[in-house]
Structure formats: structure tokens, C-alpha cells
Amino acid sequence: MPQARAGTGYYLVSTYDVEGQKSVDFKYWNADYKHSSSVSSPELGFGYGVTSRWYTELSAVWIRLHGRSDRLAELEWQNDYMLTQGQYAFDLALHTSVGRSNASPHSYSVEIGPVLQTEVWRTQFNFNAFLQRDYRTGEPEQTQLVYQWQVKQRWKSWLQPGIQGFGEVGKWNDWLPEKRRSHRLGPALFGSRELGAGQELKYEAAWLVGRNSARTAKSFAMRVQYIF
């Protein structure tokens, strides 16, 4: 059964030239399953634009099962490298992420794939497809295929409506039957506010319905970035 990873199961990866920018990145999602307990996860990261093409971020991920206290679940290192920068009708980047679980014995995860972005007037379109693989002692290793998409209207800097979708289809070369795949989508809001002196506050929030880890669920996801 494919699982929705904290990073890319709820938050779309997009890439821009942010050379020299530092950011504190707070994320949170909650999944309310129809026939079982809810799950939530806060995440705190620090990001940096190393060059005009390379963005890197280190994050700590906590997990909370319904009625229990938070526990540190994983440490993640994300790197996004822009392969194009405006010379084509679309932008292409390579996304990678490696994670180390805090459970004992430790397990590791790897994620890699293309990030595609284009714009038509004030409407931005994104589509990403990632390969994910977990490495756990004594368990078979399978490479899973997941996807993300987004449509966003750049109306005002402080309010940009859109829609997002996420999904997991199973093993990359042997998809699960349709009834066992996970697909979810819903409305999203985005915005930013300049704080002066090179500082900026960015936010996004989404309400997603559909299947999460092959179970019916309603999910809320939010992200706030302080850029300086």
C-alpha cells in the first residue's frame, strides 16, 4: 500500500531563483480518515538558496497519532536544482530528498524526480512525478511512483487562489489496481507579504479530499515561510 510521505504527499515542490535567501519553513498537515483515527504532522525546516539554480533545505518531521503526543519521526534533506531558467516555455528542475527515520532500527528513504512549471498569462501550472524508495532492514524494497499537480491564479500578491492534487499509484513499473491507488485534490490559497529590509512572509493552505494511503480521508495542509 503506497503511503503519503510528509514532504511531498501534501506540499507541492516548486522552484525559483532564490540565491542568497534564507528561510524558516513551518509545515503542518492533518489527515482525518473515515473509518480510523486521525494523523497529523508538524514539520520545521531551514532553507537556503545556495546559487541561482540550487535550493537546499534541512527539516525535522514530527508525527502524532490521534490521542497521542508528538514524536520526532524523521530528519530530511531536500535539494532542488534548476536545469532551465526561462529559455524555454517551461522551467524544469531536478528534485531530490533523503530521509532518516528516528525509529530503531533506523531506516532511510530516497526521493527523486522532475519538477515542471509553466505560466500562461497570470496562471501558473505545475506537474511533478517522483520515485520514492524506503530502505528498511529485513523488508523488501520497492520503488514507488507518486505525483503532484497544481494550478494557481496570480491575482494579488497576498491572495492567489488555486487547486492542488496529489497521489500515489504503487510500484513505478507495476501500478496497483485502481481501487487501491490514492488520489486526492482540493482548493488551495496562496499569498505573500513584504516585510521590508529583504524580508517576506509566504503562506499556503489546502483542503484535500479523496484517498490517502488507500483509505478515504479529508486532509488539511498548510505552510508558512519566513524569508530573510
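1. The largest cavity. Strand 12 and strand 13 (215–227) each supply at least two residues of the lining of the largest cavity. The model is a predicted one, and the structure holds one cavity of 30 Å³ or more. About 40 Å³ of space lies in the largest cavity. Its lining is made up of Tyr 10, Tyr 11, Gln 164, Glu 204, Ala 205, Ala 206, Ala 221, Met 222 and Arg 223. Sorted by class, the residues of this lining are six nonpolar, one polar and two charged.

2. The second largest pocket. The space in the second largest pocket comes to about 770 Å³. Its lining has 41 residues, and those nearest its centre are Ser 14, Tyr 16, Lys 202, Arg 223 and Gln 225. Strand 13 gives the most to this lining, with four residues. The classes in the lining are ten nonpolar, 18 polar and 13 charged residues. Note that Arg 223 is listed for the lining of the largest cavity and again among the residues nearest the centre of the second largest pocket.

3. The salt bridge of Arg 223. Side chains of opposite charge can pair when their charged atoms come close. Which residue forms a salt bridge with Arg 223? The partner is Asp 25, and the closest N and O atoms of the two are 2.7 Å apart. This pair links distant parts of the chain, with Asp 25 in strand 1 and Arg 223 in strand 13, 198 residues apart. Are the two residues buried or exposed? Asp 25 has a relative accessible area of 0%, so it is buried. Arg 223 counts as buried because its relative accessibility is 13%, and the limit for buried is under 20%.

4. Other salt bridges. The count of salt bridges comes to seven. One of them joins the side chains of Glu 119 and Arg 154, at 3.4 Å from N to O. This pair also links distant parts of the chain: Glu 119 is in strand 6, while Arg 154 is in the loop between strand 8 (143–153) and strand 9 (160–171), 35 residues away. Glu 119 has 40% relative accessibility and therefore counts as partly exposed. Arg 154, at 25%, counts as partly exposed.

5. The side chains of Glu 178 and Arg 181 meet in a salt bridge, with 2.9 Å from N to O. Glu 178 is partly exposed, as its relative accessible area is 47%. Arg 181 is buried, with a relative accessible area of 17%. Elsewhere, salt bridges that share partners join Asp 25, Lys 27, Glu 43 and Arg 223 into one network.

6. The nonpolar patch. On the surface, a nonpolar patch is formed by Val 24, Phe 26, Leu 44, Phe 46, Tyr 48, Leu 195, Leu 201, Tyr 226 and Phe 228. Together these residues have about 730 Å² of accessible area. Which strand gives the most to the patch? Strand 2 does, with three residues. Strand 1 (22–33) and strand 2 (39–49) each supply at least two residues. Leu 201, one of the patch residues, is found in strand 12 (residues 199–212). Its relative accessibility is 37%, so Leu 201 counts as partly exposed.

7. Ile 112. This residue lies in strand 6 (residues 108–120). Ile 112 counts as partly exposed because its relative accessibility is 39%.

8. Positive phi values. Most residues other than glycine have a negative phi, and most peptide bonds are trans. Two residues are worth checking against this background. Trp 121 has a phi near 55 degrees, a positive value in a residue other than glycine. Where does Trp 121 lie? Trp 121 is in the loop between strand 6 and strand 7 (123–135). At 72% relative accessibility, Trp 121 counts as exposed. The phi of Ala 197 is also positive, near 55 degrees. Ala 197 lies in the loop between strand 11 (182–196) and strand 12. With a relative accessible area of 78%, Ala 197 is exposed.

Methods. Residues numbered from 1 in each chain as written. Predicted model: local features only at pLDDT ≥ 70, side-chain atom pairs only at ≥ 80, totals over all residues. Heavy atoms only, no water. Patch = residues over 30% accessible without salt bridge, like charges linked within 9 Å, V, L, I, M, F, W, Y side chains within 5 Å. Areas by Shrake-Rupley, 256 points an atom, 1.4 Å probe, with all protein chains shown as cover. Salt bridge = Lys/Arg side-chain N within 4 Å of Asp/Glu carboxyl O. Buried < 20%, exposed > 50% of the residue type's maximum accessible area, 1.4 Å probe, protein only. 1 Å grid on protein atoms, 1.4 Å probe; cavity = no way out; pocket = protein on both sides within 12 Å on 5 of 7 lines; lining within 4 Å. Points joined across faces, edges and corners; volume = space filled by probe spheres on them. Nonpolar A, V, L, I, M, F, W, Y, C, P; charged D, E, K, R; others polar.
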